[in-house]
Amino acid sequence: MFVYMDHTATTPTSPEVLKAMMPYFGENFGNPSSVYSFSRKSRSAVEKARTQVAQALNADSSEIFFTSSGTEADNWALKGTLDKARLTGKNHLITTQIEHHAILHTAEYLHKFEGVDVTYLPVDSEGFVNPDDVKAAITDKTALVSIMFANNEVGTIQPIKEIGAICRERKIPFHTDAVQGAAHLDIDVKAMNIDMLSMSAHKMYGPKGVGALFLRKGMRPENFMHGGAQEHKHRASTENIAGIVGFGEAMEILKTRLNEDKAINSARRDKLIAGILDKIPDAKLNGAVCGDKRLPNNINFSFIGVEGETLLLDLDARGISASTGSACSSESLDPSHVLLALGLKHEMAHGSLRFTIGRLTTDEQIDYVLEVLPEIVARRRAMSPLWEDYLKSKGEN
Ligand SMILES: *Cc1c(COP(=O)(O)O)cnc(C)c1O
């Protein structure tokens with residue numbers, strides 16, 4: 001059996017999306033910036049996608065700017081806002097300890113090369129930011145607050161509307177990395193007081209290599225890409241027409257089935273979580289306990305006594321594709337910065353395993369994982385000195 005349970009790393013491009021994209025690789029190859037009528041097809045295709053994305057967020061289409069990725073949208077929001085703010089003497093950025101590296105490494109860059117002061121807000125043991133901490137961190141130098149909508153490793157959904165209201169009241173621009181949030185949740189940028197928002201198509205059954213930044217009217221971070229006049233002079237370079245068309249299509253489809261997907265995913269998520277807790281002793285669920293405050297597709301556990309990496313290989317040998325949490329950390333053996341921020345000890349952070357379900361998931365696959373995983377964990381624990389030590393220390397208490 002092939003079981004793909006890494007939908008947070010990426011999703012397959014849906015067949016309808018691919019079908020909508022195809023003409024723009026072929027007969028409709030015109031450059032939208034050209035004046036002749038042939039290029040109009042490309043131009044109107046981009047504008048249709050812009051409307052599709054905008055409608056899904058309750059935004060105006062003039063507020064959507066296409067980029068090459070979620071990472072680029074994050075870089076643009078942070079660097080572009082701080083670049084402009086520094087001209088007026090503001091050089092403080094507030095973010096969190098659990099952001100995706102697209103935010104964290106950008107914040108580190110801004111600190112190192114542009115002298116920006118960065119506050120990394122802590123989170124509680126379930127991964128929630130306390131809005132009072134946001135309030136307390138704001139100074140008269142604060143140029144931007146950037147807090148992710150939902151965490152990619154543990155699935156915790158932040159109180160975005162409340163944080164947005166605090167920023168609005170203090171007149172501080174508020175950006176959110178909603179690459180995961182927008183793929184699973186209803187987002188209304190107006191009701192949620194969001195000024196800037198990053199998205200990525202490949203996390204929502206669209207193609208890889210295309211993203212977008214929502215910029216509320218009046219928000220004008222300095223451009224990130226300089227060059228031609230594309231995207232109303234705010235993001236230079238010839239548009240990835242097919243990618244943008246795919247993004248728009250994916251977003252429209254996502255919106256029509258959002259509630260249905262949410263219900264199906266969260267039922268399966270809860271079944272997998274309950275099954276693991278039932279069948280594997282000393283399994284620790286990481287992230288939000290309350291289902292409504294957790295991404296409907298996220299399951300993240302730590303198993304004391306076993307390395308997550310080892311479990312991944314064992315699962316792979318049984319046809320199951322999972323993750324330890326962050327695709328970017330598969331190259332390094334550092335424990336997840338997210339799990340450490342949640343207060344996990346190093347050995348528990350190393351023992352983490354993430355399953356992210358989605359449209360490829362079936363009930364049979366959930367049962368299969370529940371059959372295979374307990375065996376694997378038990379076998380690895382039987383060989384683990386850490387597990388032995390743990391059992392002894394438990395016996396002593
Ligand atoms: C995947 C992801 C990104 C990066 O998006 P890309 O389009 O792959 O560059 C940023 N933030 C979060 C939360 C993500 O999950």
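**View 1. Helix 9 against helix 13 in a predicted model.** The axes of helix 9 and helix 13 (residues 363–382) come within 10 Å and cross at roughly 20 degrees; axes are lines fitted to C-alpha atoms, for helices over the stretch in contact, with angles running from 0 to 180 degrees between N-to-C directions. Helices are DSSP runs of H or I with at least four residues, numbered from the N terminus. Helix 9 and helix 13 are therefore roughly parallel to each other (angles under 35 degrees). The crossing of helix 9 past helix 13 is right-handed, the near helix being turned clockwise from the far one by less than a right angle. Helix 9 contributes Arg268, Lys271, Leu272, Gly275, Ile276 and Lys279 to the contact, and helix 13 contributes Asp363, Ile366, Asp367, Val369, Leu370, Leu373 and Pro374 (contact: heavy atoms within 4.5 Å). By class, these residues are seven nonpolar, one polar and five charged; Ala, Val, Leu, Ile, Met, Phe, Trp, Tyr, Cys and Pro count as nonpolar, Asp, Glu, Lys and Arg as charged, and the others, Gly among them, as polar.

**View 2. Helix 2 against helix 9.** Helix 2 (residues 40–57) and helix 9 (residues 241–279) have axes that come within 8 Å and cross at roughly 30 degrees. That makes helix 2 roughly parallel to helix 9. Helix 2 passes helix 9 in a left-handed crossing (anticlockwise in place of clockwise). Residues of helix 2 in the contact include Ala45, Ala49, Val53 and Leu57, and those of helix 9 include Ile244, Phe247, Gly248 and Met251. The contact has 11 nonpolar, three polar and four charged residues.

**View 3. Helix 3 against helix 4.** The axes of helix 3 (residues 70–86) and helix 4 (residues 101–114) come within 9 Å, crossing at roughly 30 degrees. Among the contact residues are Leu78, Leu82 and Arg86 of helix 3 and Ile103, Leu110 and Glu114 of helix 4.

**View 4. The N-terminal end of helix 14.** Ser384 caps this end of helix 14, with a side-chain oxygen 3.3 Å from the backbone nitrogen of Leu386.

**Notes.** Residues are numbered from 1 along each chain as its sequence is written. In this predicted model, local features need pLDDT of at least 70, side-chain atom pairs count only at pLDDT 80 or more, and totals for chains, interfaces and linings use all residues, while side-chain values use heavy atoms, leaving out hydrogens and water.

Conventions: Helix = DSSP H or I, 4+ residues; strand = E, 2+ residues; numbered from the N terminus. Polar contact = N/O pair within 3.5 Å; in protein donor to acceptor, adjacent residues only side chain to side chain. Parallel < 35°, antiparallel > 145°, perpendicular 65-115°, else oblique.
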